[in-house]
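Hello,

Here is the structure we talked about passing on.

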Amino acid sequence: MMRNITIGSIAWLMSSVCMAADVGGVKLDDKTSVGGQELVLNGAGIRTRAMFNIYVGSLYLPARASTIDGVLAKGPRRIQLTLLRDLSGDQLSDAVNDGMKESNPPADVEAVKAQTDQFIAILKSMGPLKEANVIALDFIDGSTKIGLNGASKGAVQGEPFNRALTRIWVGDTPVQPDLKKAMLGG
């Protein structure tokens, strides 16, 4: 009897470890692959603004991290945004611009202005975005690769840009502290 309970407990634990996370009705894979390397879901949460749910933000890393330094020390990495509402390219671009300014020192924002402008141009080129669209921001080999629903939309070179971009969600002054906490597994 005790052996059956133990085996059942182990099976339940293993199945719960393999299950995908569900955040805001969005099922997230526990693992993904970026650049041929397996990444694990570090954490995920909902970005809200003025009482509206905007997207589920999730962070994938080679190994779990609970600080911005830990996140930035690991590569490759993915920040994934699963939209919970329709957005225009302008709305998303404005949010990125605001997030860069809010989450980074002015000197860092200025240092990556050209890359930020390139990134925003890529976002705007995606046109209107629909609920359930998935934007993947993959940092690999010194480049931030932008994907929409699995299709490549472009890339922006430079680790300083990716660090500034990552700080929007998990930096010292993120756009939404409870989202940061969720993405850092807290």
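A cavity here is a set of grid points where a 1.4 Å probe fits but cannot get out. The model is predicted, and it holds one cavity of 30 Å³ or more.

Cavity

The volume of the largest cavity is about 40 Å³. Its lining consists of Arg77, Ile79, Leu137, Phe139, Thr144, Asn162, Leu165 and Thr166. By class, four of the lining residues are nonpolar, three are polar and one is charged. Which elements each supply at least two residues of this lining? They are β6 (77–83), β7 (134–140) and α6 (159–170). The largest share, three residues, is from α6.

Helix pair

Two packed helices are described by the angle between their axes and the distance between the axes. For α3 (residues 89–103) and α5 (residues 113–125), the angle is about 155° and the axes are 8 Å apart. Angles over 145 degrees count as roughly antiparallel, and α3 and α5 are therefore roughly antiparallel to each other. The crossing of α3 past α5 is right-handed.

On the α3 side, the contact is made by Gly89, Asp90, Leu92, Ser93, Val96, Asn97 and Met100. Thr116, Phe119, Ile120, Leu123 and Lys124 make it on the α5 side. Sorted by class, the contact of α3 with α5 has six nonpolar residues, four polar and two charged.

Regards

Definitions and conventions:
Residues numbered from 1 in each chain as written. Predicted model: local features only at pLDDT ≥ 70, side-chain atom pairs only at ≥ 80, totals over all residues. Heavy atoms only, no water. 1 Å grid on protein atoms, 1.4 Å probe; cavity = no way out; pocket = protein on both sides within 12 Å on 5 of 7 lines; lining within 4 Å. Points joined across faces, edges and corners; volume = space filled by probe spheres on them. Helix = DSSP H or I, 4+ residues; strand = E, 2+ residues; numbered from the N terminus. Nonpolar A, V, L, I, M, F, W, Y, C, P; charged D, E, K, R; others polar. Axes fitted to C-alpha atoms, helices over the stretch in contact; angles between N-to-C directions. Parallel < 35°, antiparallel > 145°, perpendicular 65-115°, else oblique. Left-handed = near helix turned anticlockwise from the far one by under 90°. Contact = heavy atoms within 4.5 Å.
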